[in-house]
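Q: I am new to reading protein models. Could you walk me through some features, one at a time?
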Amino acid sequence: MHGLLQQIFSGLAAGAIYASLALALVMIYRATELVNFAQGEMAMFSTYIAWSLVNAGLPFWAAFLLTLIVSFLGGMAIERVIIRPVENAPVLAAVIVTIALVLIFNSLAGWIYTYTVQDFPSPFPDRPVLGALITTQELGVIGVTLLMLLLLFSFFRFTKTGLAMRAAAQNPESARLCGIPVGRMLAIGWGLAAAIGATAGIMVAPVLFLDPYMMAGVLLYAFAGALLGGISSPVGALVGGAIVGVTENLVGTYLIPTQLKLTVALALIILVLVFRPHGLFGTAIVQRV
Amino acid sequence: MTMKRGSVIGLAAASVVLAGGLALAAGEYGPGASDTEIKLGNTMPYSGPASAYGVIGKAETAYFDMINEQGGVNGRKINFISRDDGYSPPKTVEQVRKLVEEDQVLALFQTLGTPPNSAIRDYLNEHKVPQMFVATGAAKWNDPKHYPWTIGWQPSYQIEARIYARYILKELPNAKIALLYQNDDFGKDYLIGLREGLGAKADMMIVATKTYETTDPTVDSQIVALQGSGADVLVTAAIPKFAAQAIRKVYDIGWKPTHFLSNVAISVKQVMQPAGPEKGIGIISAGYIKEPTDPQWENTSEYKDWLAWMQKYNPSASTTDGNNVYGYTVSQTMVSVLKAAGNNLTRENLMKQAAGIHDEKLPMLLPGIVVSTSADDFAPIKQMQLEKWDGTTWRLFGEVISGAGS
Amino acid sequence: MSKGFTVTAADKLAASQYGGLSLDAWRWIGTLALIAVAAALPFAISSYHVFELTMVIIYTIAVLGLNILTGYNGQISLGHGGFFAVGAYTAAILMHDYGVPYWATLPPAALICFVLGVLFGLPALRFEGPYLALVTLAMAVATPQVLKYFDNWTGGQQGINLVKPSPPPLLGIDRDRWLYFVALAVLLLAIRVAANMLNGRTGRALVAIRDHPIAAAAMGIDNARYKTLAFGTSTLFTGVAGALSAFVVGFVAPESFTLFLSLSFLVGSAIGGIATISGAIIGGFFIEFVPNLANDISDAAPWALYGVAMLLFMYAMPRGVVGTLGPWLARSMRHFLHRPALGGSEEDCERRITP
């Protein structure tokens, strides 16, 4: 019984990691109706920036804040310079562009920071609590993820900019007619997503350890989790991430050997999607003829 | 007249010696070798998930740079052509064919990875091109009867696992063993080696095994499950990132097994410190090469030489990365083989020299460990030494163990 | 005579004369010339380059498969590397364990991949956009895992070494060139099949489904059947390419078929031009040569360079090389070689579906 509880808690902790990146994916999708495959690599790169700042002597929270600002501006710049040219091109062109970003960020990180595993300081103490079921570190990750969810949810629901962003994403022409600066909304969307990704990366690096491939595996699970929850739903991202984390652990421990864990976990997620093709909390896209 | 005859004979003798000497100096050359140059080919994963090992290729390039600056080997410069294969076997085949057929290298040196090397072994043996000192710990490269052109270098993972098995049989005969291993040939070799070392008792003693993929974010779930099996010995066959996670998780859940750690993950800077140095106290590993962040080597002249080489020839690389010691040391073996070949730089002679290394000591190998080969023995390094983590350093203990004998 | 909209404007254009020959005749000459060059090439270059070109042909066939799905059917697949692997392992296991000759492994590989593709396509019908991407991504990521697990069949992580096929002794050419011609023959067959399919009813149905699924359904096109068919055909092509790669390379292992391979196919497809057949050839060249080029240019971060190359191609030619340059070239040709004297306006010409 203790083992089962431990697996569930472990799964929730991992799920929080997936959810934090999934939130960034949801952010971009809501703002631009695009899946950004480079989200993980951007988060990783932001984390390296934070790491260099900490190494240069900055206190943790100062480095964190500075990294958030740099990431926000960087995300906006990427949208303006790199994504903008293919905005009106076929979707596939945009997909290729994000794949290109994956390669570029990964290669640059490896070149600048080498592929050696690095240590990353954590703002949370690392002590086991609740009878060794979970550590304060992992609780911290869950806490920050919940906070980000709250902020994101409020942003889209209660602020004018959030509303404008949703409008710009769903129907750019109409939004423009209403006076919404669509281009700026897209850029802000990317900037916010980059900032969320940076937060995710910084929180997660003490747990996963920092190297250029830190986010590669996480992105896959985050993507699955975001879709499971509904790609346009922040709450869905959290629930989806948690479900993916726990399912993966339970499946790998009790159901099948770990050698097939990834395959079976993905198969289960797809099975759920077959019955709910837009995710658990997603809204169906109604096409008007 | 005696003097005249003598001088004629003397002159004749001198000409013969001179002619013979000239012939020797001119040398016998296979493709890629000449009076001024020796071409060596190599493939490394400079991209893709295995790119952490690309530093080995860079270290080897840097080592040959140093040798070249010091005059080369027997007056010839080493032209080390290293290409990226991304750890993808079809790419390795392509790059190796290019090296052999277009660049006309004398030999392949330190091609990295088991699948890449498996892909090119048939081709190289068919074309009689030396596949020297392959950079993998698989056991299958020691097969001179079927693959006379292929030779390994480092002690295989199976040898290492067998050493742990023998230690367990001796010191912990009633142990219940759990194994965490990476789901590829590297990790699986530990399972094979453990089972071989435990012999008949393998099924009884190994109570649980769990795998992980390099795309898995953490191994926490696996560690928890292994604890649940009731094991009191844990063997972790993982690369640095996951080893650090495993060590930390084992401590955090309050599990205190006798913990054996794969040699690839003993880096102080990359594993022991991030995991938490106190969390790994008591962990046992087996080594053959000096770990650069281990304080016990800090003031030795061998380490200082290595450090000086790093700073001058390989400055962008990390002095905390053991791969740079590995690259440095294996290059020394290559250079000594080239030296021994003298002016007979044919592929056949290169393999002959590689098969005739007698107890060669190298500065960054652990004390007591040597490189030796013979016509039937293509496993140059077979010895390892057990070491235990004490919170600050890997303390060597026991005797140098030979893992020879399959 | 009234010049109404007519679908047979294409035929009118084809009947018109350019320099004494019809457009179709010119096309035939061009194609035969290309084939002649392709057939003569291996005797003018070294064995190593022949091997490289054989890989280009194999990737072209794989990308062609992806083009059928992504280009003509609008479904984005991130998982074609998985089907490539299935084809490769089918060939490898048949050759290694059952002694099947190499050429006889192609039909089973094609069949298995077709069936698998149809089975995959059925649930994929329910998904669109990013959800479909996930399903295909799952295929790409799960494939190495499954290959490693069933190691009794697949050799697991050790992979399977194959004896490379020998050329028929009567022909007097070496193994590399023989394999090149085998691959070339398969490519020509594949192009023929694809062209027939895509320029006919099926192709028009697929494009209709891609551009206006609701209108297509309203017109009586069975969306589900065509979409599934497209999936199966697409994976059939890619699977055959995989089977070829097994005995051309001589080795299969799970590491040969990672997610990166799937992404490479998608990149090749997009850069060549997704709704084109000739774009697949360009895609094949891109996948094979640009990484090497990037490596030669920069030792430090070659994949960043590869990524930048991808970006530049997408900015300059968002519909791919053939997709963007093709229509432009066609228009220029028409201006240059005199407009047809017969009926048929520029607008009628544009309505053709470009192959």
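Q: How do I read accessibility: which class does Glu196(B) fall in, at 39% relative accessibility?
A: This is a predicted model, so treat every value as computed from it. Buried means under 20% relative accessible area, and exposed means over 50%. Glu196(B) has 39%, so Glu196(B) counts as partly exposed.

Q: Which residue forms a salt bridge with Glu196(B)?
A: Start with the general idea. Side chains of opposite charge can pair when their charged atoms come close. Here the partner is Arg162(B), and the closest N and O atoms are 2.7 Å apart. Glu196(B) sits in helix H6 (residues 185–198) of chain B and Arg162(B) in helix H5 (residues 157–171) of chain B, so the pair ties together parts 34 residues apart in sequence. Arg162(B) is buried, at a relative accessible area of 8%.

Q: How many salt bridges does the structure hold over all chains?
A: The total is 22. One of them pairs the side chains of Arg84(A) and Glu87(A), at 3.6 Å from N to O. Arg84(A) is partly exposed, with a relative accessible area of 28%. Glu87(A) is partly exposed too, at 33%. Salt bridges can also link up: Glu79(A), Arg84(A) and Glu87(A) form a network of them.

Q: Where do Glu138(A) and Lys249(B) lie?
A: Their side chains meet in a salt bridge, 3.9 Å from N to O. Glu138(A) is in helix H5 (residues 136–158) of chain A and Lys249(B) is in helix H9 (residues 240–252) of chain B, so the pair joins two chains. Glu138(A) counts as buried, at 9% relative accessibility. Lys249(B) counts as buried as well, at 6%.

Q: Now interfaces. What area do chain C and chain B bury between them?
A: The general idea comes first. The size of an interface is often given as the accessible area lost when the parts come together. For chain C and chain B that is about 2400 Å², with 45% of it on carbon and sulfur atoms. In chain C, the residues that lose the most area to chain B are Tyr48(C), Gln157(C) and Glu255(C), together 28% of what that side buries. The contact takes 24 residues from chain C and 26 residues from chain B.

Q: How many salt bridges cross the interface of chain C and chain B?
A: The rule finds four. One joins the side chains of Asp151(C) and Lys188(B), at 2.9 Å from N to O. Polar contacts are counted separately: 16 residue pairs between chain C and chain B.

Q: Which helix gives the most to the side of chain C that touches chain B?
A: Look at H3(C), which gives five residues. By type, the residues of that side divide into six nonpolar, ten polar and eight charged.

Q: Last topic: aromatic rings. Are the rings of Tyr115(A) and Tyr213(A) stacked or edge-to-face?
A: Check the angle between the planes. Under 30 degrees counts as stacked, over 60 as edge-to-face. Tyr115(A) and Tyr213(A) have 20° between their planes and 6.3 Å centre to centre, and they are stacked. Both Tyr115(A) and Tyr213(A) are buried. Now take Phe155(A) and Phe156(A): their planes are at 65° and their centres 5.3 Å apart, so the pair is edge-to-face. Phe156(A) is buried, with a relative accessible area of 2%.

Terms used
Residues are numbered from 1 along each chain as its sequence is written. Chains are lettered from A and ligands numbered from 1 in the order in which they are written. This is a predicted model: local features need pLDDT of at least 70, side-chain atom pairs count only at pLDDT 80 or more; totals for chains, interfaces and linings use all residues. Side-chain values use heavy atoms; hydrogens and water are left out. Contact means heavy atoms within 4.5 Å. Buried area is the accessible area (1.4 Å probe) that two parts lose on being put together, summed over both. A polar contact is a pair of N or O atoms within 3.5 Å; within protein, one must be able to donate a hydrogen and the other to accept it, and residues adjacent in sequence count only if both atoms are side-chain atoms. Helices (H or I, at least four residues) and strands (E, at least two) are DSSP runs, numbered from the N terminus. Ala, Val, Leu, Ile, Met, Phe, Trp, Tyr, Cys and Pro count as nonpolar, Asp, Glu, Lys and Arg as charged, and the others, Gly among them, as polar. Rings of Phe, Tyr and Trp (its six-membered ring) pair if their centres lie within 6.5 Å; planes under 30 degrees apart count as stacked, over 60 as edge-to-face and the rest as tilted. Buried means under 20% relative accessible area, exposed over 50%, partly exposed in between (1.4 Å probe, protein chains only).
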